[in-house]
Amino acid sequence: MVDQEKVKKAIELLIEGIGEDPAREGLVDTPERVARMYTELCAGYDDDAKVHLSRTFTAEGSEAVIETGITFYSLCEHHLMPFFGEVSIAYIPNGKVAGLSKLARTVEVYARRLRIQERMTGEIADAIMDELGAKGVLVVVRAEHMCMSMRGVKKPGTQTLTTASRGILSEDSRLRDEILKMMN
Ligand code: ZN
(Lines give C-alpha, C1' and ligand atoms only; values in the text may rest on other atoms or scores of the structure.)
Protein backbone atom coordinates (compact mmCIF):
# COMPACT_ATOMS: atom_id res chain seq x y z
CA MET A 1 0.00 0.00 0.00
CA VAL A 2 1.47 3.36 -1.05
CA ASP A 3 1.73 5.83 1.85
CA GLN A 4 0.86 9.04 0.01
CA GLU A 5 1.99 11.30 2.87
CA LYS A 6 5.47 9.78 2.84
CA VAL A 7 5.80 10.00 -0.93
CA LYS A 8 4.65 13.61 -0.79
CA LYS A 9 7.33 14.50 1.78
CA ALA A 10 9.98 12.67 -0.23
CA ILE A 11 9.12 14.56 -3.42
CA GLU A 12 9.23 17.88 -1.55
CA LEU A 13 12.73 16.98 -0.38
CA LEU A 14 13.72 15.83 -3.86
CA ILE A 15 12.62 19.14 -5.36
CA GLU A 16 14.63 20.99 -2.71
CA GLY A 17 17.56 18.63 -3.12
CA ILE A 18 17.96 19.36 -6.81
CA GLY A 19 18.01 23.05 -6.01
CA GLU A 20 14.47 23.98 -7.01
CA ASP A 21 11.97 26.01 -5.02
CA PRO A 22 9.11 23.76 -3.86
CA ALA A 23 6.99 26.82 -3.14
CA ARG A 24 6.99 28.25 -6.66
CA GLU A 25 3.71 28.15 -8.54
CA GLY A 26 4.43 25.32 -10.97
CA LEU A 27 5.80 23.03 -8.26
CA VAL A 28 3.53 23.73 -5.31
CA ASP A 29 1.08 20.91 -6.10
CA THR A 30 3.67 18.56 -7.56
CA PRO A 31 4.41 16.47 -4.43
CA GLU A 32 0.74 15.64 -3.98
CA ARG A 33 0.29 14.92 -7.68
CA VAL A 34 3.30 12.60 -7.74
CA ALA A 35 2.06 10.80 -4.61
CA ARG A 36 -1.28 10.09 -6.30
CA MET A 37 0.55 8.91 -9.42
CA TYR A 38 2.68 6.43 -7.47
CA THR A 39 -0.47 4.88 -6.04
CA GLU A 40 -1.39 3.92 -9.58
CA LEU A 41 2.14 3.04 -10.77
CA CYS A 42 2.69 0.76 -7.79
CA ALA A 43 -0.79 -0.77 -7.60
CA GLY A 44 0.71 -4.22 -8.18
CA TYR A 45 1.70 -4.51 -4.51
CA ASP A 46 -1.99 -4.69 -3.59
CA ASP A 47 -2.88 -7.09 -6.36
CA ASP A 48 -2.41 -10.85 -6.60
CA ALA A 49 -2.01 -12.93 -9.75
CA LYS A 50 -3.75 -15.80 -7.95
CA VAL A 51 -7.02 -13.88 -7.98
CA HIS A 52 -6.90 -13.33 -11.74
CA LEU A 53 -5.64 -16.78 -12.69
CA SER A 54 -8.15 -18.64 -10.52
CA ARG A 55 -10.89 -17.97 -13.09
CA THR A 56 -10.23 -20.77 -15.51
CA PHE A 57 -12.01 -22.82 -18.16
CA THR A 58 -11.65 -26.51 -18.85
CA ALA A 59 -9.81 -27.20 -22.09
CA GLU A 60 -9.35 -30.47 -23.93
CA GLY A 61 -5.97 -31.23 -25.44
CA SER A 62 -2.69 -29.50 -24.86
CA GLU A 63 -2.17 -27.12 -27.75
CA ALA A 64 -0.16 -24.01 -26.96
CA VAL A 65 -1.98 -20.83 -25.99
CA ILE A 66 -0.04 -17.78 -27.19
CA GLU A 67 -0.72 -14.14 -26.46
CA THR A 68 1.60 -11.46 -27.84
CA GLY A 69 1.84 -7.67 -27.67
CA ILE A 70 0.75 -7.18 -24.06
CA THR A 71 1.99 -3.65 -23.32
CA PHE A 72 3.32 -2.84 -19.88
CA TYR A 73 4.91 0.04 -17.95
CA SER A 74 7.10 -0.61 -14.95
CA LEU A 75 9.67 1.19 -12.79
CA CYS A 76 13.28 0.08 -12.68
CA GLU A 77 14.23 -0.57 -9.07
CA HIS A 78 17.79 0.70 -9.58
CA HIS A 79 16.87 4.19 -10.82
CA LEU A 80 13.10 4.56 -10.25
CA MET A 81 12.82 5.32 -13.96
CA PRO A 82 10.26 3.76 -16.29
CA PHE A 83 10.95 0.75 -18.41
CA PHE A 84 8.22 -0.30 -20.79
CA GLY A 85 7.50 -2.50 -23.74
CA GLU A 86 5.69 -5.69 -24.66
CA VAL A 87 5.23 -9.10 -23.12
CA SER A 88 4.51 -12.28 -25.06
CA ILE A 89 3.26 -15.31 -23.19
CA ALA A 90 2.89 -18.91 -24.35
CA TYR A 91 1.79 -21.83 -22.25
CA ILE A 92 0.88 -25.47 -22.72
CA PRO A 93 -2.27 -26.06 -20.67
CA ASN A 94 -2.91 -29.12 -18.59
CA GLY A 95 -6.71 -29.16 -18.69
CA LYS A 96 -7.14 -25.54 -17.54
CA VAL A 97 -6.92 -22.28 -19.48
CA ALA A 98 -7.29 -18.72 -18.22
CA GLY A 99 -9.32 -16.00 -19.93
CA LEU A 100 -7.03 -14.04 -22.26
CA SER A 101 -7.49 -10.78 -20.35
CA LYS A 102 -6.24 -12.56 -17.23
CA LEU A 103 -2.78 -12.95 -18.75
CA ALA A 104 -2.63 -9.19 -19.28
CA ARG A 105 -3.83 -8.71 -15.67
CA THR A 106 -1.04 -10.98 -14.46
CA VAL A 107 1.50 -8.83 -16.31
CA GLU A 108 0.09 -5.73 -14.56
CA VAL A 109 0.43 -7.35 -11.13
CA TYR A 110 4.21 -7.67 -11.54
CA ALA A 111 4.85 -4.62 -13.72
CA ARG A 112 3.25 -2.13 -11.34
CA ARG A 113 5.98 -2.47 -8.76
CA LEU A 114 9.66 -1.57 -8.52
CA ARG A 115 11.30 -4.29 -10.56
CA ILE A 116 14.14 -5.40 -12.73
CA GLN A 117 13.04 -6.83 -16.05
CA GLU A 118 14.61 -10.25 -15.46
CA ARG A 119 12.72 -10.80 -12.21
CA MET A 120 9.41 -9.57 -13.62
CA THR A 121 9.76 -12.01 -16.54
CA GLY A 122 10.35 -14.93 -14.17
CA GLU A 123 7.50 -13.97 -11.85
CA ILE A 124 4.99 -13.92 -14.71
CA ALA A 125 6.17 -17.36 -15.83
CA ASP A 126 5.99 -18.79 -12.29
CA ALA A 127 2.49 -17.41 -11.68
CA ILE A 128 1.10 -19.02 -14.84
CA MET A 129 2.95 -22.26 -14.18
CA ASP A 130 1.75 -22.52 -10.57
CA GLU A 131 -1.77 -21.13 -10.77
CA LEU A 132 -2.81 -22.87 -14.01
CA GLY A 133 -0.79 -26.02 -13.38
CA ALA A 134 0.49 -25.59 -16.94
CA LYS A 135 2.75 -28.17 -18.58
CA GLY A 136 5.08 -25.44 -19.72
CA VAL A 137 5.38 -21.66 -19.95
CA LEU A 138 7.47 -19.30 -22.04
CA VAL A 139 7.53 -15.55 -21.37
CA VAL A 140 9.40 -13.07 -23.57
CA VAL A 141 9.71 -9.41 -22.53
CA ARG A 142 11.06 -6.71 -24.81
CA ALA A 143 11.55 -3.32 -23.18
CA GLU A 144 13.20 0.07 -23.38
CA HIS A 145 14.71 1.40 -20.16
CA MET A 146 14.62 5.16 -19.65
CA CYS A 147 17.64 4.86 -17.33
CA MET A 148 19.59 3.73 -20.42
CA SER A 149 17.95 6.09 -22.92
CA MET A 150 18.18 9.32 -20.89
CA ARG A 151 21.41 8.93 -18.96
CA GLY A 152 24.65 6.95 -18.82
CA VAL A 153 25.29 5.39 -22.20
CA LYS A 154 22.32 7.31 -23.73
CA LYS A 155 21.28 4.84 -26.36
CA PRO A 156 17.61 5.59 -27.10
CA GLY A 157 15.66 2.81 -28.70
CA THR A 158 17.86 0.04 -27.32
CA GLN A 159 15.68 -2.96 -26.51
CA THR A 160 16.39 -5.36 -23.69
CA LEU A 161 15.07 -8.85 -24.26
CA THR A 162 14.49 -11.29 -21.41
CA THR A 163 12.96 -14.76 -21.46
CA ALA A 164 11.80 -17.24 -18.86
CA SER A 165 10.83 -20.81 -19.62
CA ARG A 166 9.37 -23.39 -17.30
CA GLY A 167 8.37 -27.05 -17.47
CA ILE A 168 8.20 -28.67 -20.88
CA LEU A 169 9.07 -25.38 -22.59
CA SER A 170 12.31 -25.29 -20.64
CA GLU A 171 13.16 -28.97 -21.29
CA ASP A 172 12.13 -29.34 -24.95
CA SER A 173 14.21 -26.90 -27.02
CA ARG A 174 12.60 -27.96 -30.31
CA LEU A 175 9.12 -27.14 -29.01
CA ARG A 176 10.40 -23.88 -27.50
CA ASP A 177 11.93 -22.81 -30.83
CA GLU A 178 8.68 -23.64 -32.64
CA ILE A 179 6.69 -21.47 -30.23
CA LEU A 180 9.24 -18.64 -30.34
CA LYS A 181 8.82 -18.60 -34.13
CA MET A 182 5.03 -18.30 -33.75
CA MET A 183 5.46 -15.49 -31.22
CA ASN A 184 7.39 -13.32 -33.68
ZN1 ZN B 1 17.58 1.40 -14.30
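Arginine 112 counts as buried, at 17% relative accessibility, where buried means under 20% relative accessible area, exposed over 50%, and partly exposed in between (1.4 Å probe, protein chains only). Its side chain meets that of glutamate 108 in a salt bridge, 2.9 Å from N to O; the term stands for a side-chain nitrogen of Lys or Arg within 4 Å of a carboxyl oxygen of Asp or Glu. Glutamate 108 is partly exposed, with a relative accessible area of 29%.

A word on the ground rules: this is a predicted model, so local features need pLDDT of at least 70 and side-chain atom pairs count only at pLDDT 80 or more, while totals for chains, interfaces and linings use all residues. Residues are numbered from 1 along each chain as its sequence is written, and side-chain values use heavy atoms, with hydrogens and water left out.

Back to the charges. The salt-bridge count comes to seven. One of them sits in helix α2 (residues 30–41), where arginine 36 and glutamate 32 are four residues apart and therefore separated by about one helical turn. Their side chains meet at 3.8 Å, N to O. Arginine 36 is partly exposed at 47%, and glutamate 32 is partly exposed at 41%. Arginine 174 is exposed, at 56%, whereas glutamate 178 is partly exposed, at 38%.

Now for the pockets. On a 1 Å grid over the protein atoms alone, a pocket is an open set of points where a 1.4 Å probe fits, with protein on both sides within 12 Å along at least five of seven lines; lining residues have an atom within 4 Å of a point. The largest pocket has a volume of about 210 Å³, counted as the space filled by probe spheres set on the points. Helix α1 (residues 4–17) gives the most to its lining, with four residues. That lining divides into nine nonpolar residues, no polar and one charged. Tyr38, Cys42, Leu80 and Leu114 are among the residues there.

The second largest pocket comes in at about 160 Å³. Strand β3 (82–92) is one of the elements that supply at least two lining residues, and β3 gives the most, with three. This lining divides into five nonpolar, five polar and two charged residues, and includes Glu86, Arg142 and Met183.

Notes: Nonpolar A, V, L, I, M, F, W, Y, C, P; charged D, E, K, R; others polar.
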